[in-house]
Amino acid sequence: MKNKGNGNGRAVSQLTKADFTSSNEVRWCPGCGDYSILSQVQKLLPTLGVPKENFVFVSGIGCSSRFPYYLDTYGFHSIHGRALPIATGVKVANPDLSVWVITGDGDALSIGGNHFIHALRRNPDINILLFNNRIYGLTKGQYSPTSEMGKVTKSSPFGSVEQPIRPVNVALAAEASFVARTIDRWPHHLSEMIKKAFDHKGTSLVEIYQNCNIFNDGAFFEYTEKDVKDDNTLILEDGKPLLFGKDNDKGVILDGVTPKMVKLGDKYSEKDLLVHNEKEDSPIMANILANIEFYGGPLPLGVFRSVERPCYEDMIEDQIEDVINKNGEGDIQKLLSSGYTWTVN
Ligand SMILES: Cc1ncc(C[n+]2csc(CCOP(=O)(O)OP(=O)(O)O)c2C)c(N)n1
Ligand code: SF4
């Protein structure tokens, strides 16, 4: 395939990380998990074969939402909670663009919670990177919809009494066609998940556990610290049995509809374990995996679900074409003066 130009006279195949690094000073706190995500995205973009001018990054408001400033692509730093409807509009109007949404747990799930559900059920071909640090970072440490029960913050001085939202579970309930989870401190896995989200046609949600070292330091250490992470996490791999543990000697079986953690040995072997199928049409198994922690299991990371569904922008385009074929081109003036109209004197 012939390379298209990138708007700066360089072929797509020659793009590098530097081409996606803007000259803006990065204003995140030193040590923030956002740096790792930015670096992986800047490394990945030049490998995707997309002309640079075709990338659009839309964000809401929050520390995470400063992301588009630091990328040298088109983008919107929009309004709090509204990145998803803006991105959906961009994709419907310009289906050839590669549209990405950068959002935080407050941005996507408090003020933007409704848009989150509707974007996922509509399924436009956009990629959502949800930076979940379980706190409001930008406004200096209030509890968020993903903060755990009992979380003491400036706005919950005696501990949160709210059940947290689990973004993966909400996404699956909205019939999302691609749902994955990863962690800022796992750079290879992070990059792999973002690439898979890009490859998926339809709305892709990647929940990224992100450490806010100023207001919620260590929120995910049980999944990132060397001595504990292997026992506390389970890597989902399509077509592979659900194995985990430091010595890969634990696994997940299904007991009726209940996931059960077992130790491999005399009673159970690898062939008794559940085998992950991310392409399964029904979301039931993905839901069971998303709830595994309720049964004392590890935290699943990887792709929960990746299924094909028609995309919003394609269906809109098809519908417009069908109606034009049936009724002919519309006439906006005729439409405005048709039906019940009146004159204001
Ligand atoms: C309409 C409106 N309401 C409230 C705010 C204040 N506000 C700005 S960012 C934010 C939450 C940010 O949290 P999150 O999305 O988790 O992002 P983070 O800063 O942690 O990356 C809030 C409440 C705002 N900017 N606009
Ligand atoms: S407040 Fe937290 S999320 Fe915001 S830049 Fe600082 S460390 Fe990162």
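Student: Why is Asp184 called buried?
Tutor: Asp184 has 4% relative accessibility. Buried means under 20% relative accessible area, exposed over 50%, and partly exposed in between, with a 1.4 Å probe and protein chains only. The value of 4% is under 20%, so Asp184 counts as buried.

Tutor: A note on the source comes next. This is a predicted model, in which local features need pLDDT of at least 70 and side-chain atom pairs count only at pLDDT 80 or more, while totals for chains, interfaces and linings use all residues. Residues are numbered from 1 along each chain as its sequence is written, chains are lettered from A and ligands numbered from 1 in the order in which they are written, and side-chain values use heavy atoms, with hydrogens and water left out.

Student: Where is Asp184, and which residues does it touch?
Tutor: Asp184 sits in the loop between β5 (178-183) and α7 (187-199). Helices (H or I, at least four residues) and strands (E, at least two) are DSSP runs, numbered from the N terminus. Setting aside residues up to four places away in sequence, Asp184 touches Gly33, Ser36, Ile37, Leu190, Ile208, Tyr209, Gln210 and Asn211. Touching, or contact, means heavy atoms within 4.5 Å.

Student: What makes helix α1 largely enclosed?
Tutor: Helix α1 covers residues 34-44, and eight of its eleven residues are buried, so the rest of the structure largely encloses this helix. The buried ones are Asp34, Ile37, Leu38, Ser39, Gln40, Val41, Gln42 and Leu44. Their cover includes β1 (55-59), α2 (67-70), β4 (126-132), α7 and β6 (204-209).

Student: How do you know that Asp72 and Lys52 form a salt bridge?
Tutor: A salt bridge is a side-chain nitrogen of Lys or Arg within 4 Å of a carboxyl oxygen of Asp or Glu. For Asp72 and Lys52, the closest N and O atoms are 3.2 Å apart. That distance is within 4 Å, and the pair joins a Lys to an Asp, which meets the rule.

Student: What does this pair tie together?
Tutor: Asp72 is in the loop between α2 and β2 (74-77) and Lys52 in the loop between α1 and β1, so the bridge ties together parts that are 20 residues apart in sequence. Lys52, at 8% relative accessibility, counts as buried, whereas Asp72, at 35%, is partly exposed.

Student: How many salt bridges does the rule give?
Tutor: The count comes to twelve. Among them is Glu237 with Lys240, whose closest N and O atoms are 3.5 Å apart. Another is Lys279 with Glu278, at 3.2 Å.

Student: Why is Glu237 called partly exposed?
Tutor: The relative accessible area of Glu237 is 38%, which lies between 20% and 50%, so the class is partly exposed. Lys240 is also partly exposed, at 42%. Glu278 is buried, with 9%.

Student: What makes Leu335 exposed?
Tutor: Leu335 has 57% relative accessibility, which is over 50%, so Leu335 counts as exposed. This residue is in helix α12 (residues 332-336).

Student: Which residues make the nonpolar surface patch?
Tutor: Ile332, Leu335 and Leu336 make a patch of about 340 Å². Patches are made of residues with over 30% relative accessible area and no salt bridge; like charges are joined within 9 Å, and nonpolar side chains (Val, Leu, Ile, Met, Phe, Trp, Tyr) within 5 Å. Accessible areas come from the Shrake-Rupley method with a 1.4 Å probe, and for residues only the protein chains shown count as cover.

Student: Which residues are around ligand 2?
Tutor: They are Trp28, Cys29, Cys32, Cys63, Asn133, Gly137, Gln210, Cys212, Asn213, Ile214 and Phe215. A residue is near a molecule or strand if one of its heavy atoms lies within 4 Å of it.

Student: How many residues of each class does this shell hold?
Tutor: The shell has seven nonpolar, four polar and no charged residues. Ala, Val, Leu, Ile, Met, Phe, Trp, Tyr, Cys and Pro count as nonpolar, Asp, Glu, Lys and Arg as charged, and the others, Gly among them, as polar.
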